[in-house]
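Q: I have a protein model on my screen and I am new to this. Can you show me how to read it, feature by feature?

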Amino acid sequence: MGLRKWCRLAGTNTGYIEPGAPWENPFIESFNGGARDELLNVEDFAHPAEGQVVVEEWRMEYNTFRPHSALGGLTPAQFAKDWTRQHQPTLPQ
């Protein structure tokens, strides 16, 4: 319910993906494959808390320091810095 309300207020909508049709959303399928190959298939979590720590460290690495082909080989942090410099006005000193 909250997502529908947000979409309506933001002037956007959701898209339906047919069950069993992952090709309809290749971006998340690519992410899921990478997360599975790089994280879930190589780690053995002895306790849920350990899993939370390891997954959070991987998420921070992935979202901040790892180059992404979709961003032209930049890290998300560098892409955000470049985008801000190009699209945000500079405040006078």
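Q: Which residues make up the largest nonpolar core?
A: Start with the general idea. In soluble globular proteins, nonpolar side chains tend to be buried together. A nonpolar core is a set of buried Ala, Val, Leu, Ile, Met, Phe, Trp, Tyr and Cys residues joined through side-chain atoms within 4.5 Å. Buried means under 20% relative accessible area, exposed means over 50%, and partly exposed lies in between (1.4 Å probe, protein chains only). Here the largest such core has 5 residues: A35, L39, V54, W58 and Y62. Two elements, α2 and α3, each give two or more residues to this core. The largest share, 3 residues, comes from α3.

Q: What kind of model is this, and how are residues numbered?
A: This is a predicted model: local features need pLDDT of at least 70, side-chain atom pairs count only at pLDDT 80 or more, and totals for chains, interfaces and linings use all residues. Residues are numbered from 1 along each chain as its sequence is written, and side-chain values use heavy atoms, with hydrogens and water left out.

Q: How many helices and strands does the protein have?
A: Helices (H or I, at least four residues) and strands (E, at least two) are DSSP runs, numbered from the N terminus. This protein has 4 helices and 0 strands. Along the sequence the pattern reads α-α-α-α.

Q: What span should helix α3 have?
A: The expected span of a helix is 1.5 Å times one less than its number of residues. Helix α3 covers residues 48–65, which is 18 residues, so it should span 26 Å. Its end C-alpha atoms are 25 Å apart, which agrees.

Q: Which residues of α3 are buried?
A: They are G51, V54, W58 and Y62. These residues lie on the same side of α3, because they cover an arc of only 75° around the axis. The arc is that of the directions from the helix axis to the C-beta atoms. Now turn to the face of α3 that points away from the buried side. That face carries the exposed residues Q52, E57 and F65.

Q: What do the buried residues of α3 pack against?
A: Look for contacts. Contact means heavy atoms within 4.5 Å. The buried residues of α3 pack against α2 (26–40) and α4 (76–87). Now take A35, a member of the core. Leaving aside its neighbours within four places in sequence, A35 is in contact with L40 and W58.

Q: Where is H68, and is it buried or exposed?
A: H68 sits in the loop between α3 and α4. At 14% relative accessibility, H68 counts as buried. Not counting residues up to four places away in sequence, H68 touches Y62, G73, L74 and P76.

Q: What does R66 touch?
A: R66 also lies in the loop between α3 and α4. R66 is partly exposed, with a relative accessible area of 27%. Not counting residues up to four places away in sequence, R66 touches E38, W58, E61, L74, T75 and P76.

Q: Where is G15, and is it buried or exposed?
A: G15 is in the loop between α1 (2–10) and α2. G15 is exposed, with a relative accessible area of 64%. G11 lies in the loop between α1 and α2 as well. G11 is exposed, at 69% relative accessible area.

Q: In which helix is D82 found?
A: D82 is found in helix α4. D82 is buried, with a relative accessible area of 16%. The C-alpha atoms of D82 and G34 are 48 residues apart along the chain and separated by 26 Å.

Q: What is the radius of gyration of the protein?
A: The radius of gyration is taken over C-alpha atoms, and the globule rule is 2.2 Å times the number of residues to the power 0.38. A compact globule of 93 residues would have a value near 12 Å, but this protein has 18 Å. Along its principal axes, the C-alpha trace spans about 55 × 35 × 25 Å.

Q: What share of the residues counts as buried?
A: Of the 93 residues, 13% count as buried. Contacts can be read for the whole protein too. Among contacts with a separation of 6 or more, residues 24 or more positions apart account for 10%.
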